[in-house]
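Biologist: Please show me the sequence and the structure. I shall then ask what each term rests on.

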Amino acid sequence: MKETYDRLAAGDRIRLKRTLLGLTQEEMAEKINRATKYYADIERGSCGMSIETLMGLSTSLDMSLDYIIYGKTSDEKEEKKNREETTAIIGMLDSSDIRTRQYALNMLKLLFAACKER
């Protein structure tokens, strides 16, 4: 099976990690020495990226190139990090009151719905 590069999916993965890190698009663009509009276009999937930009994103977001491009978590380090992020999210929810958990669930539903519409 041939792997293909899906710019929309790659942009979604990049946006999700940036938001998990609490960074704005402007901050991320500055980290990788790119214009904010160009970075926003990457997240929207409306343009491709140079190798240099991919490497900057990989380093700044601590994501493998395989994961950015193909969505593959081929190494144990990436899988461990994904488990740690999931555990952190569950921990935050467990320590929250019912109202906060319900609000978080609604926000996640909105986030996933917005990502699917893209």
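**Contacts and burial**

Modeller: Setting aside residues within four places in sequence, Ser58 is in contact with Met63, Ser64, Leu65 and Ile68. The structure is a predicted model in which local features need pLDDT of at least 70 and side-chain atom pairs count only at pLDDT 80 or more, whereas totals for chains, interfaces and linings use all residues. Residues are numbered from 1 along each chain as its sequence is written, and side-chain values use heavy atoms, with hydrogens and water left out.

Biologist: What makes a pair of residues a contact?

Modeller: The term requires heavy atoms within 4.5 Å. Ser58 meets this requirement with Met63, Ser64, Leu65 and Ile68. Ser58 itself has its place in helix H4, a helix being a DSSP run (H or I) of at least four residues, numbered from the N terminus, while a strand (E) needs at least two.

Biologist: Why is Ser58 called buried?

Modeller: Buried means under 20% relative accessible area, exposed means over 50%, and partly exposed lies in between (1.4 Å probe, protein chains only). Ser58 has 15% relative accessibility, and therefore counts as buried. Helix H4, residues 51-61, also has Thr53, Leu54, Gly56, Leu57 and Leu61 among its buried residues.

Biologist: Why does Asp41, a charged residue by class, count as buried?

Modeller: Asp41 counts as buried because its relative accessibility is 13%. Asp41 is found in helix H3, residues 36-44, where Tyr39, Ala40, Ile42 and Glu43 are buried too. The cover over the buried residues of H3 includes H1, H2 and H4. Beyond four places in sequence, Asp41 touches Ser46 and Cys47.

Biologist: Where does Asn33 lie, and why is Asn33 called exposed?

Modeller: Asn33 lies in the loop between H2 and H3. Its relative accessible area is 65%, so Asn33 is exposed. Asn33 also has a positive phi of about 60°, although it is not a glycine.

Biologist: Which term applies to Asp62, and why?

Modeller: Asp62 has a relative accessible area of 37%, and therefore it is partly exposed. Asp62 follows H4 and lies in the loop between H4 and H5. The phi of Asp62 is near 55°, a positive value in a residue other than glycine. Just after H3, Gly45 takes a positive phi of about 80°.

**The core and the pocket**

Biologist: What makes a set of residues a nonpolar core?

Modeller: The members are buried Ala, Val, Leu, Ile, Met, Phe, Trp, Tyr and Cys residues joined through side-chain atoms within 4.5 Å. The largest such core has 16 residues, of which Ile14, Met28, Tyr39, Met49, Leu57 and Ile68 touch the most other members. At least two residues of this core come from each of helix H2 (25-31), H3, H4 and helix H5 (65-70). Outside four places in sequence, Tyr39 touches Ile14, Arg18, Gln25, Met28, Ala29, Ile32 and Leu57.

Biologist: How do you know which residues line the largest pocket?

Modeller: A pocket is an open set of points on a 1 Å grid over the protein atoms alone, where a 1.4 Å probe fits, with protein on both sides within 12 Å along at least five of seven lines; lining residues have an atom within 4 Å of a point. By that rule 20 residues line the largest pocket, and Leu16, Leu20, Ile89, Leu108 and Leu111 lie nearest its centre. Helix H1 (7-20), helix H6 (76-94) and helix H7 (98-117) each give two or more residues to the lining, with H6 providing the largest share, 7 residues. The volume of this pocket, about 610 Å³, is the space filled by probe spheres set on the points, which are joined across faces, edges and corners.

Biologist: Why is Ala88 called partly exposed?

Modeller: Ala88 has a relative accessible area of 40%, so it is partly exposed. Ala88 is found in helix H6, and its C-alpha is 23 Å from that of Leu57, 31 residues apart in sequence.

**The whole chain**

Biologist: How many helices and strands does the chain have?

Modeller: There are 7 helices and 0 strands. Of the 118 residues, 28% count as buried, and the C-alpha trace spans about 45 × 30 × 25 Å along its principal axes.
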